[in-house]
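Here is a short report on selected side-chain interactions.

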Amino acid sequence: VKSIVAKTDYPNYEIVIVDDGNLSDSTRRALSDVPYRLESFTEPGHPVNFPFNFSKKANFAFRQARGRHIVLLNDDMEVISEEWLSALIEFTQQPRVGVVGARLLFPDGRIQHVGVVLGVNQGAAHAFHSFPAGFVGYNAYTHVIRNYSAVTAACMATRIDVVEATGGFDERLAIDYNDIDFCLKAIQQGYDVVFTPYAELYHFEGASIRRKVQNPREVELFQQRWSSFVERDPFYNPNLTRTRADFAIDARASGWPSKRSR
């Protein structure tokens, strides 16, 4: 939150902190000199929302927003580029664009997110995950604005009309695939999903917390609903590998190298 206040060059924003009911006194003291609005999100009859449901929390956050443009941010982020918010809003101001994602780095400088590709690693994968931040890669996709089928909700910009058109996040997808599902629903409604490298932030938690086993019900729901995208991501060349996220050529799929007659 302090990095937002210190580094953001776009002035017209409001910070809304959605609290699960466990915001510590030390955190409140640390935020005492920061302008923000606190909204408490707890399940009825429970002091703390447990088990955690990201989709419910995101939908609650959407309802608290006073503006038309909304940026979801995990609590483990730190702003790098001062133009990060301007870069996101640049695209959400375009009626055709429904969702915008940012370039996220681990604290050690490796890539955490530059877009999501479907059908890789039997579901979905972050493109160029864990590659060095300076890695250019296939068609410089780590450093250019482009369309994807999905981006992560760790830092995701959208508009209230897109939320209304899609119905928001599916609360049956409590942990896995909820952001991807939201993006695909936006595409289904005729919107574009955009990645911009000019919105750059650090994403801390993912570097230290191990990935837990996915909920089979959530995996099944996602696979059944979006099997056509998993089988053929329109923003991922079918001649590229489906076992790694580095956009390498799949020689078997592409037929390369071809046999030449002498």
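## Terms and basis

A salt bridge is a side-chain nitrogen of Lys or Arg within 4 Å of a carboxyl oxygen of Asp or Glu. Side chains of opposite charge can pair when their charged atoms come close.

This is a predicted model: local features need pLDDT of at least 70, side-chain atom pairs count only at pLDDT 80 or more, and totals for chains, interfaces and linings use all residues. Residues are numbered from 1 along each chain as its sequence is written, and side-chain values use heavy atoms, with hydrogens and water left out.

## Salt bridges around R225

The structure holds 15 salt bridges. One of them pairs D181 with R225, at 2.8 Å from N to O. This pair links distant parts of the chain: D181 sits in helix α6 and R225 in helix α7, 44 residues apart. Helices are DSSP runs of H or I with at least four residues, strands are runs of E with at least two, and both are numbered from the N terminus.

R225 also forms a salt bridge with D170, where the closest N and O atoms are 2.9 Å apart. D170 lies in the loop between α5 (160-166) and α6 (178-188), and R225 in helix α7 (residues 216-225), so this pair ties together parts that are 55 residues apart in sequence.

D181 has another partner, K185, in a salt bridge of 3.7 Å from N to O. Both residues lie in helix α6, 4 residues apart, about one turn of the helix.

How exposed are these side chains? Buried means under 20% relative accessible area, exposed over 50%, and partly exposed in between (1.4 Å probe, protein chains only). D181 is buried at 1%. D170 is buried at 11%. R225 is partly exposed, at 30%. K185 counts as buried, at 13%. Salt bridges that share partners join D170, R172, D181, K185 and R225 into one network.

## Cysteines

How many disulfides does the whole structure hold? The search finds 0. A disulfide is a covalent bond between the sulfur atoms of two cysteines. The cut-off here is a pair of cysteine sulfur atoms within 2.5 Å.

Seen from C183, the closest cysteine sulfur is the one in C155. C155 is buried, with 0% relative accessibility. C183 is buried too, with a relative accessible area of 0%.

## S81

S81 is found in the loop between β4 (77-79) and α4 (84-92). Is S81 buried or exposed? At 14% relative accessibility, S81 counts as buried.

Leaving aside residues up to four places away in sequence, S81 touches Y198, A199 and E200. Contact here means heavy atoms within 4.5 Å. A polar atom of the S81 side chain lies 3.1 Å from the backbone oxygen of Y198. The S81 side chain also reaches the backbone nitrogen of E200, at 3.1 Å.

Note on methods: A polar contact is a pair of N or O atoms within 3.5 Å; within protein, one must be able to donate a hydrogen and the other to accept it, and residues adjacent in sequence count only if both atoms are side-chain atoms.
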